[in-house]
Amino acid sequence: MSEESTGPEFPPSDDRLPGQTGRRRREPGRLRRGLRGALTLGLVLTPPLMAAAALAGWFLYQEIDRTLEVHFAGQRWDFPSKVWSDSYALYPGLTAGERFVQRLERLGYRRVVDEPRGHGEFRTLRLPPALELHLRPFEYPTHREPGRRIRLELDSDRRIERIRSLDDGSEVHDAALEPILLAGLHGDLREDRREMTLDEVPVPLVRAVIAVEDRRFFQHGGFDPRGFARAMLANLKAMGVRQGGSTLTQQLMKNFFLTEDRTVARKLREAAMAVVAEQRFDKREILEAYMNEIYLGQRHSVGVHGMWEAAQYYFGREPRELSLGQIATLAGMIRAPNYYSPHKNPERALERRNVVLEVLRTTGEIDERTLAAARAEPLGVIPPAPPPPGASYFIDVVRSELAERYSAEVLTSQGYEIFTTLDLELQRAAERAVAQGLERLERDYASLTAGDGDSDRPRPRLEAALISLNPRTGEIVSMVGGRSYRESQYNRVLEARRQPGSVFKPIVFLAAIGSERTGAVHYGPMTFVEDEPFEWEYDGRVWAPQNYEREFYGRVTIADALAMSLNVATARVARDVGIGAVRDMAVRLGVDEQLPAYPAIALGGWEVSPLEVARVYSVFANAGLATEAIAVSKVVDRSGWTVEGHPVEIHRRIPASDAFLVTSLLEGVVARGTARKLRALGFQRPAAGKTGTTNDNNDAWFAGYTPELLTVVWVGFDRDAHLGLTGSSAALPIWAQFMREALAGRPESRFTVPRGVVLADVDPASGGLAVAGCRHVARQAFLEGEAPEHNCDLHGP
Amino acid sequence: MHVTGNSPHDNRLQGVARRHRSAARASSLAASCVALCIAAAGCGAPAQRPLPEPPVLEAPGPLPRTGLALDAVLARLSGGASADGAVIGDPAASARPAAAGVDAASLASLRITRSAVEHLEQREPQRALDLLERAIAIDGGNGFAYLYIGYIHLEDGRPDRALPFIERGAMLMPDEPALQKEVRALRLAAKMEDASVSGSRP
């Protein structure tokens, strides 16, 4: 706009004379002219100013509208994927003793005196012995556990005899304790929430939130001038900021799009966004978003958002199961979630809850009687979730497996439920066994912590790896990749390739005595082999195997050669069978195909990972069937769709009879061989296994199994430092401690004898049928028609 | 998570199922069920009865009859109590959870298998598969569970997956010639299916 044409004429500022300071004297005509000019200016400027303001408002509206469209109208939140442990099946035969109660308590179940009425409650009964349990609801990939009330009927040893429904008395065969959350796969925002519709939010909770946060929610249009004025007045009186005066919609907009800054600009924008949001979305949508968005505390490093997540976290319940007192506690927390946290400040939380209840009474939502009843309620909070379980190595495996198929963005935003095979109780037992086992070794053998004598370098810390799986299904139930995940994320179960030593020997004997044997000698478990020094010429080289203790035992049976882990006898068998056949058998059982065919492999002179060893031994344990080792069983999206599933797969590797022969030989190792210490360590179940110690004494192994669980333990240093311990002294105690704990309370079972196999009581020293005078009697498996027919000639006539 | 219906996997299971319904398999399964009943009950007399006309199979039709056989085994092992705990014969028997010497894990595994059969009957093969996997995790000697898993994979059009389970199940079933014969027929069907799927000849 041109000043000359429209505005009054003012002298330029430099029109004053030098030294002139006073105002010019106004003349009567000039005043009138000035007023007229101002009016004219106002008239002229108002429309464009209004137009400019309207334009700015329109742009602001468009910008807010676009923001809401992009970030609020579609998927509102990133939902981190959740990694779950396996569920824990309940069935007759399990012991529901102290350990079971501990398992329940770690799951957050509460012991009650009366019959359990709420989800996650249990009580124990003495006469007749029983345990009553109100399971929690859980959405499994294939079904929903509605949260049944069940009764575990126990015998005098507290073993489950029968499981019945507490509601109708029918027998229950498919009960299980729900999985435990192992990890959330978060993006930049570390927030946990589960979305729910407004219909799923209990009405009292909605009323409580509105009553304490925004009573005129249904009257205002996003911004409430009355509420704002009231808040400002209260702040003025208090000479400080006491109330925000924000409506629910404003809070929602602030949480979604704005910062926590207490500035006028932020407040104005918040109000503007709230008004626009209310024009775009109806009150129900806004309320629903609020119920899902609201921040309600902290679970370790992750924020607890939304009423569903908070109800679960603080009370172990779904929102619809909350009592009025619990509802008031949650509603009261909105103002300052950590200050009023029932975990951190239960007294404050109680006080605040009662204030909320009072508000509800004042607003007519509840009567005096209800108020009194709710005030009498305890907080009812469950203990805070324990720190994230230490299954870090396992979770790494899950992450890397998923990363092959899903982008990081999908995993951190789509809320997949990832079901794994891990048993968290067994995982804890495994971590305990490894930690305590290594400490024990370092205490008993000072050389393990002394400086490295071979070089100037300091000796690294002693390490161990443990993997345990169900050989029938391949499900990995626990995994310890090293001593401390914090210190080293190197997962030795998968990545460490170490010489297996004598752990390899069963493969040699399998190649010799199995039904597919091809050697010149017709070996059986009681066939004699010479344990005397010999030289094996191979590819122009000469190899002379030695026994570990440099002693030789002369004529020994195959069974004893394995039980005592005799290198020379084993090498002789390997030479007879052919090292190519041994190598092929190893590969068939699951050893990497790069395994060369040279004599030293018969004594474990090749590097394998603990996982490979577990793979091989699982074939022995599973009647000759190989299973794929599984860590992830199912991935389910938020709508319940199974995105991927990994059913159990089995593949025949060797005949069941051959596998049983090996198991029988390995039972001999435990009964009278290098692993006989196992019984002294308190492990009394039927078990088969093999110790392993490398020639240089750098690696100690024990690979063993019961019918239901297979575990491999390795102990050593990351670089080739001298361990100087055998598998029996270093790895076996860890195995024993873990397996004792892992199988405690589970019914004992025996190895199934397959067709084509017969059992005979023999004297393993003579190879004949045991007679009265035999000092050692072993129940040995033979292929049908191959059991000895003669009596022991060492002790019999 | 919500289980709002069958997953594509379930649908595929049910859809593919019809491809496998040959009269031969129907016959073999029906006969095997009867034989299994006989074997399980330890009674030879019913073997003289003529076998019923094999029904036309509707997925998962053939297996409920094996479920009856399973019931018989459960009743025997439970000392007179049937799978749902109802007393069959001696009322006092209901007080005994299991016959002496019976492995508790085996019994539990069989009962879970029975639950799985019910889910199969309700056309919930995925849920059934979960339970059957649990059953073999508890007791690796449960031949029924292996057979049913094999059956589900076969119905799913995965004879390659099915075969090892069927073979393992066959090995673990009672050594009853009639039963074994019928299980062999099932195995043959799986092998033929496998050959046709893989394009090779058996």
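Axes here are lines fitted to C-alpha atoms, for helices over the stretch in contact, and angles run from 0 to 180 degrees between N-to-C directions. Helices (H or I, at least four residues) and strands (E, at least two) are DSSP runs numbered from the N terminus. This is a predicted model, in which local features need pLDDT of at least 70 and side-chain atom pairs count only at pLDDT 80 or more, while totals for chains, interfaces and linings use all residues. Residues are numbered from 1 along each chain as its sequence is written, with chains lettered from A and ligands numbered from 1 in the order in which they are written.

The axes of α4 (residues 203-213) and α11 (residues 346-362) of chain A come within 10 Å and cross at roughly 95 degrees. That makes α4(A) roughly perpendicular to α11(A), a label used for angles of 65 to 115 degrees (under 35 is roughly parallel, over 145 roughly antiparallel, and the rest oblique). On the α4(A) side, Ala208(A), Ala211(A) and Val212(A) meet Val356(A), Val359(A) and Leu360(A) of α11(A); residues are in contact if their C-beta atoms, placed from the backbone, lie within 7 Å. The residues of this contact divide into six nonpolar, no polar and no charged, where Ala, Val, Leu, Ile, Met, Phe, Trp, Tyr, Cys and Pro count as nonpolar, Asp, Glu, Lys and Arg as charged, and the others, Gly among them, as polar.

Helix α4(A) also belongs to the surroundings of α9 (residues 307-315): the buried residues of α9(A) pack against α4, β12 (191-192), α8 (283-293), β13 (295-299), β14 (302-305) and α10 (324-333) of chain A. Nine of the nine residues of α9(A) are buried, so this helix is largely enclosed by the rest of the structure. A residue is buried if 20 or more other C-beta atoms lie within 10 Å of its own, exposed if 12 or fewer, and partly exposed in between. Among the buried residues of α9(A) are Trp308(A), Glu309(A) and Gln312(A). Just after the helix, Gly316(A) takes a positive phi of about 65 degrees.

Chain A as a whole has 24 helices and 30 strands. Its radius of gyration is 38 Å, well over the 28 Å that the globule rule gives for 797 residues, so chain A is more spread out than a compact globule. The radius is taken over C-alpha atoms, and the rule is 2.2 Å times the number of residues to the power 0.38. The C-alpha trace spans about 150 × 75 × 45 Å along its principal axes. Buried residues make up 46% of the chain.

Elsewhere, Ala569(A) sits in helix α18 (residues 567-577) and is buried, with 30 other C-beta atoms within 10 Å.

Turning to the partner chain, 40 residues of chain A are in contact with 36 residues of chain B. On the chain A side, β9 (160-165), β24 (642-645) and β25 (650-652) each supply at least two residues, and β25(A) gives the most, with three. This side divides into 13 nonpolar, 15 polar and twelve charged residues.

Conventions. Contact = placed C-beta atoms within 7 Å.
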